[in-house]
Amino acid sequence: MTVFVCLLRGVNVGGHNKVKMDALRDLCRKLGFHDPRTYVQSGNVLFGANQRSLTAKVLEDAIERTFGFRAGVVVRTTEELRQTVARNPFAKRKDTDPARLLVLFLADTPQKEALAALRQIPADPEEVHVVGREIFIYFRNGMGRSKFPWASLDRILKTTTTGRNLRTVTKLLEMAEEMEASVS
């Protein structure tokens, strides 16, 4: 069984696109997924499936049918999430506050033109590193004061993106590894 971590974009933000986490778990059960679990109210759901890969479209379509809006979904396996944490370019720095480090998950690997457009965006004082299908953004002064247009990176990168701070990513990995261990 493969454990998948699905990250929903724009759910329960500012009173829009509301999804109760128990309803999201129920939806995942109806789709045939095993032991769905959610973490916080921002649309993080983990579950087991009897398949090696999963397209985001399966969950996106089901969310649209059930809740009446289409949410972008980014899917990662436990191993992919483990690799993301391992490739964190800030991991060895002592001065990094995990609450200020955003991991932006991309549905697809960005094209060269999209990466070139990203490099044109003034980032200072933020620090931005692209690592495969993730972008690590360190917000030195916090996200609330930043001028960096991270919320519009979907358009710039031409793919669905959704961000989670490093604490959330670490917790999701912990939950996914726990689920894997329980089915082994």
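Trainee: Which strands does helix α1 lie across?
Mentor: In this predicted model, α1 (residues 21-30) lies across β1, β2 and β3. Its direction is at about 155 degrees to β2.

Trainee: And α3, what does that one lie across?
Mentor: Helix α3 lies across β1 and β4, at about 90 degrees to β4.

Trainee: Okay, in what order do the strands sit in the sheet?
Mentor: The order is β2-β3-β1-β4, an open sheet of 4 strands with antiparallel pairing. β2 and β4 stand at the edges with a single partner strand each, so one side of each has no neighbour in the sheet. On average, neighbouring strands are turned by 20 degrees against each other, ignoring direction.

Trainee: How many bridges join β1 to β4?
Mentor: There are 5 bridges, and the two strands run antiparallel.

Trainee: Switching to T38: buried or exposed?
Mentor: T38 is buried, because its relative accessible area is 17%, under the 20% cut-off. You'll find T38 in strand β2.

Trainee: What does its side chain make a polar contact with?
Mentor: The side chain of T38 makes one with the side chain of R25, at 2.5 Å. Beyond four places in sequence, the contacts of T38 include M21, L24 and M175.

Trainee: Now T96, where is that?
Mentor: T96 is in the loop between α3 and β5. T96 is buried as well, with a relative accessible area of 16%.

Trainee: Which residues does T96 touch, leaving out those up to four places away?
Mentor: F90, L101 and Y138. Y138 is 42 residues from T96 in sequence, with 8.0 Å between their C-alpha atoms.

Terms used. Residues numbered from 1 in each chain as written. Predicted model: local features only at pLDDT ≥ 70, side-chain atom pairs only at ≥ 80, totals over all residues. Heavy atoms only, no water. Buried < 20%, exposed > 50% of the residue type's maximum accessible area, 1.4 Å probe, protein only. Polar contact = N/O pair within 3.5 Å; in protein donor to acceptor, adjacent residues only side chain to side chain. Contact = heavy atoms within 4.5 Å. Pairing = 2+ DSSP bridges. Axes fitted to C-alpha atoms, helices over the stretch in contact; angles between N-to-C directions.
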